[in-house]
Every structure is written in C-alpha cells, then in structure tokens.
Number of protein chains: 2
Amino acid sequence: MSVDDARPEAAVPDIGNRRAATIRDVAAHAGVSKSVVSRVLRDEPNVSDERRERVRAAMDELGYRPNSIARGLSEARSGTVGVVINDLRNPWYVSLIEGLATTFDAVDIAPILVDSRLDHQVGRDTVETLLSRQVDGLVVVGTTDARVDVERAAQSIPVVLAGTLEPDLPTVDISVDDDLIGARLATEHLLALGHRRLAHIQGPGLVGTLRRQGFEKTIADSGVAVESVTVEFGGMTEDGGHAAAARLLDSATPPTAIFGFNDMTCLGAMSAADDRGIPVPGGLALIGYDNTQLASLRHISMTSIDNGNFTVGAQAAKFLIQRMDRLTAPQRVYRHTPGLVVRRTTAAPR
Amino acid sequence: MSVDDARPEAAVPDIGNRRAATIRDVAAHAGVSKSVVSRVLRDEPNVSDERRERVRAAMDELGYRPNSIARGLSEARSGTVGVVINDLRNPWYVSLIEGLATTFDAVDIAPILVDSRLDHQVGRDTVETLLSRQVDGLVVVGTTDARVDVERAAQSIPVVLAGTLEPDLPTVDISVDDDLIGARLATEHLLALGHRRLAHIQGPGLVGTLRRQGFEKTIADSGVAVESVTVEFGGMTEDGGHAAAARLLDSATPPTAIFGFNDMTCLGAMSAADDRGIPVPGGLALIGYDNTQLASLRHISMTSIDNGNFTVGAQAAKFLIQRMDRLTAPQRVYRHTPGLVVRRTTAAPR
C-alpha cells in the first residue's frame, strides 16, 4: 500500500479547478427557490415566463448541467454511487455516511446504501446488484467479508474503501483513521490512570491487527512494568465482546482495564462485568473505539476513540469523485488522526 | 383515514398474478451463476456462445426484463425508490429497512436511503432531490417534520408511509403497527406488576397521541384504583426522555413506572434514574417502544413493544409496488399487531 498522506480538503470537492454548480447555486443566482429551478428543469407549466428566463440565464452563466456530476464528465453517468455498509445494526458508520452524503450532494450524486449482511441473508450478490444498477462508483464502508467482490467492481468502476484497509488493491483508494495512533491514545490513557493488568479484545481484519499492534507496542515502548498483557479475539459484535470479556474476567489474572476493538464489543464487555457484579470503572475500566452514538448515551457514557468518521467519509467521497476521471490512477491513502474522548467508563484501578 | 386492514401477504410481491422474474430466476433456469447472466446482459465477451444462448433462452421463457421493475411496467422507470429516514442516529428503523429492501429486491428495485435530518442540516430539499433523481416512488419512514413535502411528491409518484401516520393523504398508503394495542400491552404489563403511580413520556405527532391515548384508556378501562397518572411531553430523543423523566422523578408524586414513547426516550429516562441513584427496575420500572437493537443490548436489556418492523417494511414496499400501476388508487392502511417483549427493566414496585 502506498501511503500518500493526502490532506483532508474542504468539504466541497473541486473538480478541475472549480466546483460544479448545483441546483442551489442556480437558485441563489436567479433569486428563486430550488423548487422553482426544478420546475423549470422539468418543464412544468406553473412558472412565470420571467422567472423561467432568469433561471435559464443563471444556468447558462454558471454552466449548470442537471443530473451530471460535474462539468467535463459524461452525461451517461447515472448520478448514483453504491455505498456498502457491513452491518446496519452497528451504528458506527452514521457520521461516516453523513460525511459521504454531504460531499456527494455538492456534486449532485445520490448514494444508494446497501447492507452487505442483509444482502448475504437474502442471497443477493452486493457488487453484482450495484453494477447492474449502473452506479458510477462504489464506497465500501468498514471491513466486510470476502463475499463483497471489490476486486471485480474495481475493474469497471471507481472504488474507494472508507474505514477499512481491505482489500488492498492498486487502484482502490483508502480513507481511514490511523489505528496505530488510536490504539496508542487508548493504551496511554489506561497506563496513565495506573492500570498494570491490561487486556485488548481484538477485532477482525487488518484494522483489528493494527489496533492490537498499537496496544502492544505502546505498552512495550512505555517502559512501565506491567503485571499482565492479554489479547482475546472477540470479533466486532456485542456478543463477541461479551464472550471475550467473560474469558478475560474469569481467568487467573483478570485485567483491571480492557481496550475493546470497538464500542460494540466494549458494550458486550460492560455486560460481562455487570453479570459478575464488577463495577465499571472502579473494578474494570473500559475504553471503546469509534465514538458512536452508543458511547455517548448517558446510561453508557463510554470512553472511546473518536476516529473522525465524518472527515473520513468526506475524504472517501472526494477520492471517488476524482477517480471517476481516471479509473486506473495510483492508489491514494488518507489517514485521519484520531482523538481520545474520556467519559465515565475509565478511572484508576481500585 | 380509511382503515382497510389489508393482511400482510407473502414477502415476495405479486404483480398482476405472477411474480416478475429476477436475475436469480434466470440464472437458476439457465443453470449458470448470476454473474454469467449479468455478463450476458452487459454484452461482455468472456462468456461462451453456448452459455450465452442458454441465458437468452431462459430470459425469453421467463419474460425477464433487465432493470425493469416488473413485466407490464414502463421501461422508463429508474428502478430506484427513495426511502426517507427521519434520523439515522436512532436505530429503530433497521428492521423496517430490512423488510423494505428484501421485498424491493424481489422485483429488482434499489432503495436510495436518505436522512431527512441530515438533508435539513446541509440545506437540501429531500423530496426535490429525490424527484430530480427520477425515483419511481417514495417511502417515508417514521414521523418526519413538515420540511419533507410528501404531498408534493404524491402528485407525481407513488408514496407510502411506513411507521408513521402522517401526513394522511387520500392516495398515500400507510403501513404501521397498531399503537393503541402496543400502548395497551405496555400499560397492562405495568398494572399487572402492581404499579399504581404511572407515567407516560409522550412523543410527537399522531403516533405520539395514539400511544398516549392507549396508555390513558387502558388505565381507565382497567378499573384499578391508581394513585397517579401523569403524562410529560418528551419528544423522541434520549435528551427529551432524560428531561421529561427528570421532571417526573423530581415531582411531588414521582411515578414507580414509566412507559416511554420509544426506546430512545426510555434510555434517557434510565439515565435520569441513574443520576438520582434510583435503581431500575426496583425503584423505577421502564418500558420502551420499538424493540430496537438498543433495547436488546445486555447492558440495557429493556422491556419494549415489538412493533413488527420487518413486516411493516415489507408491507410498505408491497403497497408502493402496487401503487406504481395506479397512482390515484384509494388509500390502504395496514396495521400490524404488536407484541410485548419483557426484559430486565420492569418488575413489581418495591
């Protein structure tokens, strides 16, 4: 993977040197509402001749092209892109989708959201379905299983990964947070609080490996004399986190702090502590990853790593738009620097 | 509103008397993979002549039409429908979307998901954007605000409401659960446990009114001598539920049980109890509505009303598909009978 640390750009993408005019720009320029512009576009009768003229003049001046994604791109495009989510039930992707949708909207692209878990359930081939819809591109959000045939899609349309590093292909751009830094922030926080018996619940894929490596390396580099460092595989679901934490808490050297792969596994770990009457954070400190809405619910109030999902989504959209002009351009990778959000599930050990 | 209690039909919609052939049917009939069928459809070279012939024969025999939503419908359709969600951050809609997507898939329709809250945030007109995408129909999921101009959409494309009763328009079908029954189940459960100081946190719109009426009527009809019955407005968010529960718990006659508008408001109420050191369910029983993933998280484990969202979504999709043939057909309403799911937040008062 070539690590070309592209900087995040402004939320509105540039195509060539100039942002494509949108229906909003035309409305503002003509001094009418967007709904009037649309009526003119559809040749509907209920618009005065004078306003119709003003709207048309504004379109000419701004070079507006309805339903095209930008000047210079083919009219043959569908104006839609496929967005594949790994599991709608885990709300980690919400801000990422907001970042994507906001950026795509600026160039009149509509995202078609699909849930690859659901597709698998109903026996549908996600990539095939999207290709037959003639989407102009594909954003793969999060680590999906091998059933999503990204390599095949990348042969005919631009593909970008958001929030995942796999599959790593030469013409598929990547927008992620920096998992090594995120894991370091989480682990340093636990060490600084005085924890010396630490555990990590490892998640799937390369993202899972990087978060684990960040955890282990931070402890090794710290020079702190720790009592135990354990890693349990736990997947990315509440169930997986619950089972992994149960094994950790029932072991001979139970940890005083767990860094979970994501907020969901950490919620499972919280329940494993509940089951055993272990108070959080007094008896067990917990830190998640993703800074989801779940983590910020008052009743949960979980310390987490904010991976900047809105920005990651916006950058993924920009990569995709740029790749529409050059399908085989070399891969670019954007790594967002994450931050620590301290809430009520972390404290010093008792 | 005409209450034509349509029965839920099988998940695969009938158009006319026969289900439209899908790409899967063609693949099965020709004895090849779906990917081969797609390659034939796209006139790609890497398919043997013999298989190409078999696929074409299967298409003829089954009357398959690529990208058309069903035999008899115009080729001019886009094969997409807009699905407007009121707020992606509240995960109540997940099963409903699964029901919609599964049914639409059977007739090769792709849902375009949009978040009306996000649209409002970025200044986008949700209905306008979808109409300019030439969607074949619109599903409005949940109670949205007046900014989603459903009435305008219904003039040119089929529109169905799912999980909401508003706006009630003569040619807009409705698929919902029966809120009066759901509220009755919740309230009977609290009365049966022995609660005599009951409160309800009311949500927005007609759905909010019906759940409140179900609560009040059930108590009145029960003949039980209750000590207090209170209703607080709390909206549909965690924040709203937290504030409403705080007012209830700090009042002169705090309730021993709260029935919340939905799981989200109930989670807010749970945190208000946490703040005051009131144990749930011993000091305060809580029952939500929607039976979301949140309610089933172990750490939350909230008693809730299961409103059958998968079925409600599937039925909404069927209404929409049927309305594509007759835009001005009279309104139909499907009301799903909800069920009670008892978890750990309800018990007898101390």
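Welcome to a short tour of the contacts and salt bridges here. This is a predicted model, in which local features need pLDDT of at least 70 and side-chain atom pairs count only at pLDDT 80 or more, while totals for chains, interfaces and linings use all residues. Residues are numbered from 1 along each chain as its sequence is written, chains are lettered from A and ligands numbered from 1 in the order in which they are written, and side-chain values use heavy atoms, with hydrogens and water left out.

**Where chains A and B meet**

- Chain B brings 52 residues to the contact and chain A brings 52 residues, where contact means heavy atoms within 4.5 Å.
- About 4,500 Å² is buried between chain B and chain A, with 52% of it from carbon and sulfur atoms; buried area is the accessible area (1.4 Å probe) that two parts lose on being put together, summed over both.
- Arg133(B), Arg298(B) and His299(B) supply 17% of the area that chain B buries against chain A, more than any other three residues.
- The rule finds 8 residue pairs in polar contact across this interface, both residues being at pLDDT 80 or more. A polar contact is a pair of N or O atoms within 3.5 Å; within protein, one must be able to donate a hydrogen and the other to accept it, and residues adjacent in sequence count only if both atoms are side-chain atoms.
- Helix 4 of chain B gives the most to the side of chain B that touches chain A, with 6 residues; helices (H or I, at least four residues) and strands (E, at least two) are DSSP runs, numbered from the N terminus.

**Salt bridges between the chains**

- Across the interface of chain B and chain A there are 4 salt bridges by the rule, which asks for a side-chain nitrogen of Lys or Arg within 4 Å of a carboxyl oxygen of Asp or Glu.
- Arg298(A) forms one with Asp239(B), the closest N and O atoms being 3.0 Å apart.
- Arg298(A) sits in the loop between helix 12 (293-296) and strand 10 (304-306) of chain A, and Asp239(B) in helix 10 of chain B, so the pair joins two chains.
- Arg298(A) is partly exposed, with a relative accessible area of 26%.
- Asp239(A) and Arg298(B) also meet in a salt bridge (3.0 Å, N to O).

**Salt bridges within chain B**

- Arg323(B) pairs with Asp173(B) in a salt bridge, with 2.8 Å between the closest N and O atoms.
- That pair links distant parts of the chain, with Arg323(B) in helix 13 (residues 309-323) and Asp173(B) in strand 5 (residues 172-177) of chain B, 150 residues apart.
- Both Arg323(B) and Asp173(B) are buried.
- The side chains of Arg197(B) and Glu227(B) form a salt bridge as well (3.9 Å, N to O).
- Arg197(B) lies in strand 6 (residues 197-202) of chain B and Glu227(B) in the loop between helix 9 (205-222) and strand 7 (228-233) of chain B, so the pair ties together parts that are 30 residues apart in sequence.
- Glu227(B) counts as exposed, at 59% relative accessibility.

Terms used. Buried < 20%, exposed > 50% of the residue type's maximum accessible area, 1.4 Å probe, protein only.
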